[in-house]
Amino acid sequence: MRVIVQKVSEAGVYIREENYSAEIGKGLVILLGIKHDDTEEDVNFLADKCSNLRIFLDENEKMNLSLKDVSGEALVISQFTLYGDTQKGNRPGFSDSARPETAIPLYEKFIARMKENIGEEKVKVGIFGAMMLVKIFNDGPVTIIIDSKRKGST
């Protein structure tokens, strides 16, 4: 499982076909990619890591506070393209990305774990598999990539 975490001043997701939108203020946009062999252990590791990642500024202007510390919000967006393989040719292959029957339950567990960690009302989501417009006001900019299979190096 892989996430791209962006610290934001505000963000939103818009899905015209579904007449759906969700917005957050200060917090994190979490772009979530799920690999075919991911498990609930990967979910828990990454949701906990995102909730506790110390990338918000403290009173000394040091990145020392977590999403939980600043009472921030999270916008979770499923993004199978995080496992796009560009080793051959110019068209990415997505054979490492989990199929929906595997990915959807793990996506939902990730959201549930984030809600446990930071509060139900603080987690907003996109719609799995939908074509979405995502507005991100990256603050810093701060962007972190975390892969659950590389736990020892994060």
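Analyst: Relative accessible area sorts residues into buried (under 20%), exposed (over 50%) and partly exposed (in between), computed with a 1.4 Å probe on protein chains only. The model is predicted, with local features needing pLDDT of at least 70 and side-chain atom pairs counting only at pLDDT 80 or more, whereas totals for chains, interfaces and linings use all residues. Residues are numbered from 1 along each chain as its sequence is written, and side-chain values use heavy atoms, leaving out hydrogens and water.

User: How many aromatic pairs does a search of the whole structure find, and why is the pair of Phe80 and Phe94 called edge-to-face?

Analyst: The search finds two aromatic pairs; rings of Phe, Tyr and Trp (its six-membered ring) pair if their centres lie within 6.5 Å, with planes under 30 degrees apart counted as stacked, over 60 as edge-to-face and the rest as tilted. The centres of Phe80 and Phe94 are 4.9 Å apart and their planes stand at 65 degrees, so the pair is edge-to-face. Phe80, at 49% relative accessibility, counts as partly exposed, as does Phe94 at 31%.

User: Why is the pair of Tyr107 and Phe128 called tilted?

Analyst: The planes of Tyr107 and Phe128 are at 55 degrees, with the centres 5.5 Å apart, so this pair is tilted. Because Tyr107 lies in helix 2 and Phe128 in the loop between strand 7 and strand 8, the pair ties together parts 21 residues apart in sequence. At 5% relative accessibility Tyr107 counts as buried, whereas Phe128, with 28%, is partly exposed.

User: How do you know that helix 1 and helix 2 meet?

Analyst: Contact means heavy atoms within 4.5 Å, and residues of helix 1, including Val43, Leu46 and Cys50, meet residues of helix 2, including Phe110 and Met114. The axes of helix 1 (residues 40-52) and helix 2 (residues 100-118) come within 9 Å and cross at roughly 35 degrees; axes are lines fitted to C-alpha atoms over the stretch in contact, and angles run from 0 to 180 degrees between N-to-C directions.

User: What makes a set of residues a nonpolar core, and which residues have the most contacts inside the largest one?

Analyst: A nonpolar core is a set of buried Ala, Val, Leu, Ile, Met, Phe, Trp, Tyr and Cys residues joined through side-chain atoms within 4.5 Å. The largest has 30 residues, and those with the most contacts inside it are Ile30, Val76, Phe110 and Met114. Helix 2 gives the largest share of this core, seven residues. Not counting residues up to four places away in sequence, Phe110 touches Ile30, Leu32, Val43, Leu46, Ala47, Cys50 and Val76. A second, separate core of 13 residues includes Ile4, Val13, Leu75 and Ile77.

Notes: Helices (H or I, at least four residues) and strands (E, at least two) are DSSP runs, numbered from the N terminus.
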